[in-house]
Amino acid sequence: MSLFNPFIMANRNGIPRIEATGVNVSTTAVTFSFQRNAFYNRNFAGLIIFRLPAYTAPATAVPVIFDTDGESQAVTTLDGVAVTSAELNKSGIYLGFYDGSTLQLLTGV
């Protein structure tokens, strides 16, 4: 019997709560901006609570991108399908999961 806990690095210090500092809507993407070092490219895996502002969605659905530290991360559903502006265009609190390379929204889409 092994005493190794595979979840030791998941949400070690609780569930981070971060708020978007802005949103940029273009014809190619809706990009939410976050403070530097919010979550991207850190030794982190686990749940994240996001507070997102409302915006006016473009006429054609475009991918939703989260940006922090000058790096962009596409947002997907649990099935790995890109989240679009047609699905995520209301302000609110959203639960996500980040594993270091994939960011999936668990609620709100």
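The chain exposes about 6700 Å², and carbon and sulfur atoms supply 51% of that. These accessible areas come from the Shrake-Rupley method with a 1.4 Å probe, and for residues only the protein chains shown count as cover. Keep in mind that this is a predicted model: local features need pLDDT of at least 70, side-chain atom pairs count only at pLDDT 80 or more, and totals for chains, interfaces and linings use all residues. Residues are numbered from 1 along each chain as its sequence is written, and side-chain values use heavy atoms, with hydrogens and water left out.

Now for contacts, meaning heavy atoms within 4.5 Å. Among those in the chain with a separation of 6 or more, 66% come from residues 24 or more positions apart.

The eight strands form an open sheet with mixed pairing, in the order S1-S4-S7-S8-S6-S5-S3-S2; two strands pair if DSSP finds at least two bridges between them. Strand S1 (17–19) and strand S2 (22–25) stand at the edges with a single partner strand each, so one side of each has no neighbour in the sheet. From one strand to the next, the twist averages 30°, using axes fitted as lines to C-alpha atoms (for helices over the stretch in contact) and angles from 0 to 180 degrees between N-to-C directions. S1 pairs with strand S4 (residues 46–52) in the parallel sense over three bridges, and Glu 19 has Arg 51 in S4 as its bridge partner.

Then there are the aromatics. Rings of Phe, Tyr and Trp (its six-membered ring) pair if their centres lie within 6.5 Å; planes under 30 degrees apart are stacked, over 60 edge-to-face, the rest tilted. That rule gives five aromatic pairs. One of them is Phe 32 with Tyr 55, edge-to-face at 5.8 Å centre to centre and 75° between the planes. Phe 32 lies in strand S3 (residues 30–33) and Tyr 55 in the loop between S4 and strand S5 (64–68), so this pair ties together parts 23 residues apart in sequence. Both residues are buried. Phe 32 also pairs edge-to-face with Phe 66, at 5.6 Å and 85°. Phe 66 sits in strand S5, 34 residues from Phe 32 in strand S3, and is buried too. Ring pairs link Phe 32, Phe 34, Phe 50, Tyr 55 and Phe 66 into a cluster.

Notes: Helix = DSSP H or I, 4+ residues; strand = E, 2+ residues; numbered from the N terminus. Buried < 20%, exposed > 50% of the residue type's maximum accessible area, 1.4 Å probe, protein only.
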